Amino acid sequence: AMHPADQFEAFQALALRRAFGPEEIAARFGVSAQVVRQRLRLAAVSPALMAVYRAGDMTLDQLMAFTITDDHARQEATW
């Protein structure tokens, strides 16, 4: 099974590399555009924190809290 972080990164890759909007990504994956927007916000969290999440040392709720700011240094300092 795919780790949720893999989905976040797949959505981000489609948005950045292929310039797909949330609606187009949603249609390809069978989810709502709102879900895609949420996943894109999660994909923007610090790579260091994403690694902590992947390792199972952070919950999805905790990861979601870090989407409040795009400042990776601040996210990491808070963690």
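This is a predicted model: local features need pLDDT of at least 70, side-chain atom pairs count only at pLDDT 80 or more; totals for chains, interfaces and linings use all residues.

Residues are numbered from 1 along each chain as its sequence is written, and side-chain values use heavy atoms, with hydrogens and water left out.

**Exercise 1. Locate Ala19 and describe its backbone and its exposure.**

Step 1. Ala19 belongs to the loop between helix H1 (4-17) and helix H2 (22-29). Helices (H or I, at least four residues) are DSSP runs, numbered from the N terminus.

Step 2. Most residues other than glycine have a negative phi. Ala19, however, has a positive phi near 60°.

Step 3. The relative accessibility of Ala19 is 64%, so Ala19 counts as exposed. The classes are buried (under 20% relative accessible area), exposed (over 50%) and partly exposed in between, with a 1.4 Å probe and protein chains only.

**Exercise 2. Determine whether Ser46 is buried or exposed, and identify what its side chain contacts.**

Step 1. Ser46 is found in the loop between helix H3 (33-43) and helix H4 (47-54).

Step 2. Because its relative accessible area is 0%, Ser46 is buried.

Step 3. A polar contact of 2.4 Å joins the side chains of Ser46 and Glu76. Such a contact is a pair of N or O atoms within 3.5 Å; within protein, one must be able to donate a hydrogen and the other to accept it, and residues adjacent in sequence count only if both atoms are side-chain atoms.

Step 4. Apart from neighbours within four places in sequence, Ser46 is in contact (heavy atoms within 4.5 Å) with His72, Gln75 and Glu76.

**Exercise 3. Classify the aromatic pairs Phe8 with Tyr53 and Phe11 with Phe29.**

Step 1. Rings of Phe, Tyr and Trp (its six-membered ring) pair if their centres lie within 6.5 Å; planes under 30 degrees apart count as stacked, over 60 as edge-to-face and the rest as tilted. The count by this rule is 3 aromatic pairs.

Step 2. The pair of Phe8 and Tyr53 is stacked, because the ring centres are 6.3 Å apart and the planes stand at 15°. Phe8 in helix H1 and Tyr53 in helix H4 are 45 residues apart, so the pair links distant parts of the chain. Both residues, Phe8 and Tyr53, are buried.

Step 3. Phe11 and Phe29 form an edge-to-face pair, with 4.7 Å from centre to centre and 70° between the planes. Since Phe11 is in helix H1 and Phe29 in helix H2, the pair ties together parts 18 residues apart in sequence.

Step 4. Phe11 is buried at 0% relative accessibility, whereas Phe29 is partly exposed at 39%.

**Exercise 4. Describe which residues of H1 and H4 meet.**

Step 1. From H1, Pro4, Ala5, Asp6, Phe8 and Glu9 meet Met50, Tyr53 and Arg54 of H4.

Conventions
Helices (H or I, at least four residues) and strands (E, at least two) are DSSP runs, numbered from the N terminus.
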